[in-house]
Amino acid sequence: MQTAIPFLLNMMTLIGILLIVSMGLAIIFGLMNVINLAHGEFVTIGAFTLVAVQAAGGSFWLALLVGPLVGYCIGLMVERVLIARVYGNPLHAILVTWGLSLIIQQLLVLTFGAAPQRVTGPFEGAIDLFGATYPAYRLFLIGLVMTVFFATIVVFKKTNFGLNVRAAIQNGEMAAVMGVNVEKVNARAFASGAAMAALAGVLLAPMTAVTAYMGVNYLARSFFVVLVGGAGSVAGVAAGSSFIGGLETALSYQIPTTVAQALVLVMAIVILRFRPNGVLPA
Amino acid sequence: MTIIQPAGSAMMRRTTRTYRPSTVIALIMLAALIILPLFVKSYTLSTYRDIMLLSLFALSLDIFWGRTGILSFGHATFFGLGAYGMAIASIRFGLEPQWVSLVGLLFGVGVAVLVALCVGYFILYGGVRGAYFTIVTLALTLIANQIAIGWSSVTGGDSGLIGVPPLSIFDFDFSGTLSSYYLALGILAVSLLVALRLMHGRLGLLLTAIQDNETKVRTLGYPTQRILLLTFVSSAAMAGFAGALYASCAGFVAPDQIALLLSTEVIIWVAVGGSGTLTGAVIGTFVVWQLQQKISSMSVAAWPLAIGTFFILLVLVFPKGIPAFVLDLFKRWNRGGVAR
């Protein structure tokens, strides 16, 4: 019992991280079908927003608000200038977003330097939980991710915006005929995906080394979460995160973390052989 | 649709009999490369040898990407496996000196083929195509890179392995700059000719047809999955071969020979020459590599920034490759002249 609870909570933390990183991708890639290789860089942008806000004397909570806002604005800009030209052409989307990710990385290095940045979490210390002590920040992260996850589901299933997005994606022409401004909806959907990634970045920053290249670590894993879970389904993201996060935590107790990460991605490839549409397709 | 034109569309096929500009340029380059050793010092010569091995690597990507239209973001994996295979076999196996190079080459290429076969089977037979294929191969490079850095007792970790012996097979010794230069030139020329022959023949047609409509080709009785897998594996074998040769010529391996940046660079080499043209891949490598040295000598950040900008321009401005873009410009300019 004494070891089982930290183990479970570690697992929950990783699943939570993957969930929040992948949710933005689930919108951009899963729903809009845009291969966004710059997704990791939106996470990085979020983390660096925290760095900038704290350097300017602001608090973590301020960054938690500003981060998604910055991500949203940059996402909106990127969609207008680049992504809007490559809808329906995956190869072009791959090349454009990969180029973008390289540019963002270097711009961040030029502005902030290559060394890892210093950030502080909102609270230190641990909380006693069922006889085991666990860092309070991680518990906060798990809780917040759950909230955001369910809020996203509600937005996509119950609001007008969610309806418009789903309509524009299912059949853009028909949606346009019915009076939906497809361009605007696409731009907003992409920007919300970017905002979600930036939020993930702010949340992640106190737990990892913040460098301009941190996004790559999450890029492949978040794509696999969406692919394994089933592109286009929200429940799939949860399933995918649980699979990849759970397995990785379990394995990294036995073998080195890098090998565990590699092994999990290999398993994901094997799963794709047998379930090409993911575990829980839309 | 303006995809980065995987050549072999109907129009290009009809013109294969006439000499395309890229073929003429390739022949001129070949002649220049043959007489080059008369004019330059041995350091420059070894640089050109390395570029030719990298061209071989670019060619291997173009065989798969150019004809099938499926972009592999993981070709550095196979290049790196070849290089690491060579290094590990020749340093760690403790073989007799006369066998080292041969076993190293076989081991390097063998590992690359094996990995390509396993991964290719799972994803190609699983029906993963197009953009998904790109993502899976991208992840493959990340995995390989993590292993190369993490498994330091075998791979030497971050610093890699130093002391890969120069190539010598039976009594043929390629440790000199001149001999290894001509070896690389010979291998590149032969590979290019064979690739051109195959890709302009039945196999090339079949691959183009699969790209257009795989279901239809399959209905006609062709085992499309097996054809794709074999092409992928041959392409990986060629990349591994290039990597193994590169490791033995350079004398060392390092994790950046199995990294995402190299995967990215090889895509650029091919794209600059125009994917699917095969000779373009070689020309692209020569041009971009020289440019790369100039740009990276300015500052560390300059090269990745240049790559990023290039990718965006590639899609938005010249989706068919730079040579095609320049030719189009000429055509438009000529037509404009006539109209006036």
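**Notes on the two-chain model**

1. Starting with chain B: 49% of its 340 residues count as buried. Keep in mind that this is a predicted model.

2. As for secondary structure, chain B carries 15 helices and four strands. Looking at contacts in chain B with a separation of 6 or more, 80% of them come from residues 24 or more positions apart.

3. Now the contact between the chains. Chain A puts in 36 residues and chain B 37. On the chain A side, the elements giving two or more residues are helix 4 (90-112), helix 9 (215-229) and helix 11 (257-274). Helix 4 of chain A has the largest share, with 15 residues. Sorted by class, the side of chain A that touches chain B comes out at 27 nonpolar, seven polar and two charged residues.

4. Within chain A, have a look at helix 1 (residues 4-31) and helix 8 (residues 182-204): their axes are 7 Å apart and the packing angle is about 165 degrees. Angles over 145 degrees count as roughly antiparallel, so that is what helix 1 of chain A is relative to helix 8 of chain A. The crossing of helix 1 of chain A past helix 8 of chain A is left-handed.

5. Who makes that contact? From helix 1 of chain A, the residues include A:Ile17, A:Ile20, A:Val21 and A:Gly24, and from helix 8 of chain A they include A:Phe190, A:Gly193, A:Ala197 and A:Leu204. By class, this contact of helix 1 with helix 8 of chain A has 16 nonpolar and three polar residues, and no charged ones.

Definitions and conventions: Residues numbered from 1 in each chain as written. Chains lettered and ligands numbered in written order. Predicted model: local features only at pLDDT ≥ 70, side-chain atom pairs only at ≥ 80, totals over all residues. Contact = placed C-beta atoms within 7 Å. Nonpolar A, V, L, I, M, F, W, Y, C, P; charged D, E, K, R; others polar. Buried ≥ 20, exposed ≤ 12 C-beta atoms within 10 Å, placed from the backbone. Axes fitted to C-alpha atoms, helices over the stretch in contact; angles between N-to-C directions. Parallel < 35°, antiparallel > 145°, perpendicular 65-115°, else oblique. Left-handed = near helix turned anticlockwise from the far one by under 90°.
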